[in-house]
Structure formats: C-alpha cells, structure tokens
Amino acid sequence: MLKALIITSHIDHLEQVSIDFTSFDTIICADGGFLLAQKLGLLPDLLIGDYDSCDQPEDQDVIKLPMEKDMTDSEAAIDLAVSRGASHITVLGGLGGRFDHTMGNMGMLAKYCGKILHLAFVDGQNYVFMATPGTISVPKNAYRFLGLISYGDSAKGVTLRGVKYPLTDHCLTNTTTLGVSNEITEENATITFSSGKLLIILSKDISQ
C-alpha cells in the first residue's frame, strides 16, 4: 500500500497538526504547499500547481499547470497521487479558507470514495473522510467530536454504537444537524449503514 501526503497552500491551525510524517512513502505539494512543507521541515518528492499563490520553486521536480484550468491544484495533486499508485492519501489542508474550495474538496472525497483505500482531509482541528455502506470502526482518539453528515439525499440504516448519542437503523438526511457533535465513549465507535455515503468528521475545539 503506497501512502501519499499532499500538502496544500492553506492549512488552518498548522501548529495543532499532529501527523507522523515518517509514515508516508511520498510527499506531493500543491502550489503554495511547498512553503508550508518548508515550515514543517519536509522535503517533497514532487510539486504541482499553477503557482498563483507563490513563486515557482527552483531546483525542484515541478509539474507546471496553466492558470486557467478545469480543476484546482489540490484535485490535480490527488489525481497525480492516484495515477502513481497511491491508495492511502492524506491531504494536509483543504479545509477552511475559501468555502468553495472546501466544498469542492468534499467532492474529491466523493470522487474517490470506494475507489481507493482511504482519502482524508486534515488540518489542526479536523479529520474528514467519506465512507460507503458497511461497518466502519473509529478508535477513540485525540479528537473530541464525531460528526456524521449524509453526502447525498440520505444515508439509510445508520446505526451508531460506542458513542454518547447512539442511533439504530436511522435514515440520516442531508437536511438535519442530528449527526454533529457526537462523542466516542468506548474504545471504538462503530458506524454501520446500508445505503448512501457518509462524511465522517473528527474534530476538536481549539484552545485560545
């Protein structure tokens, strides 16, 4: 399993990010993500972008994209990682900042949901991924909250165990906030559902 880390140009609460960077086989920077990689002391294997948010780095392996194109630099970086065999991808950033980019990135989760092993967007406050029907086990972790949102009209048969607010065979629609702000109370939370797609969001409050 090839694990890829993609670093974007916008990462909320960078100082709160907790990732084992040594666990990745390859690091790709999307556009200005190169500057954040430098701040984190990371040496990327490949850079891709149109370089509208920073100067194009010299002496680096760069795929230069046109300014006007039909995708974001983040989507191009994810597509690149998949084309090179990555099946487990963590995108650092891509949440917060411009809301159209954030929502577009949720579309990236849908694009690859069920097609690769794992794709997640992470910043200093959130860890977001998408799941297809089945049973998902989420270990108790540093994130206080567990949120579920239907991506699509509804997710059916939603059953939650090991959480503060359990559910049984519930139809979770995309017109409710019922799934937000749950908490894992046991060693693992289990999420089972029979149809639809679920955004699974682990989050925490940020200390001021």
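Buried means under 20% relative accessible area, exposed over 50%, and partly exposed in between (1.4 Å probe, protein chains only). By that scale Lys-111 is partly exposed, at 29% relative accessibility.

This is a predicted model, in which local features need pLDDT of at least 70 and side-chain atom pairs count only at pLDDT 80 or more, while totals for chains, interfaces and linings use all residues. Residues are numbered from 1 along each chain as its sequence is written, and side-chain values use heavy atoms, with hydrogens and water left out.

**Salt bridges**

A salt bridge puts a side-chain nitrogen of Lys or Arg within 4 Å of a carboxyl oxygen of Asp or Glu. The whole structure holds five.

| Pair | N to O distance |
|---|---|
| Asp-73 and Lys-69 | 3.2 Å |
| Glu-75 and Lys-111 | 2.9 Å |
| Asp-79 and Lys-111 | 3.0 Å |

Helices (H or I, at least four residues) and strands (E, at least two) are DSSP runs, numbered from the N terminus. Glu-75 sits in helix α2 (residues 73-83) and Lys-111 in helix α3 (residues 99-112), so their bridge ties together parts 36 residues apart in sequence. Asp-79 is also in helix α2, so its bridge to Lys-111 in helix α3 joins parts 32 residues apart in sequence.

In the remaining tabulated pair, Asp-73 is buried at 12% relative accessibility. Lys-69 is partly exposed, at 25%.

**Sheet**

Two strands pair if DSSP finds at least two bridges between them. Four strands make an open sheet in the order β8-β13-β10-β11, with antiparallel pairing. The edges are β8 (134-139) and β11 (167-173), each pairing on one side only. Twist averages 25° from one strand to the next; axes are lines fitted to C-alpha atoms, with angles from 0 to 180 degrees between N-to-C directions. Inside the sheet, β10 (residues 154-161) and β13 (residues 188-193) share three bridges. Thr-159 faces Thr-192 of β13.

**Nonpolar cores**

A nonpolar core is a set of buried Ala, Val, Leu, Ile, Met, Phe, Trp, Tyr and Cys residues joined through side-chain atoms within 4.5 Å. The largest has 38 residues, and Ile-7, Ile-191 and Ile-200 touch the most other members. A separate core of 29 residues includes Ala-30, Leu-46, Ile-89 and Met-106.

Residues up to four places away in sequence aside, the contacts of Ile-7 include Ile-27, Leu-36, Leu-42 and Leu-92. Contact means heavy atoms within 4.5 Å.
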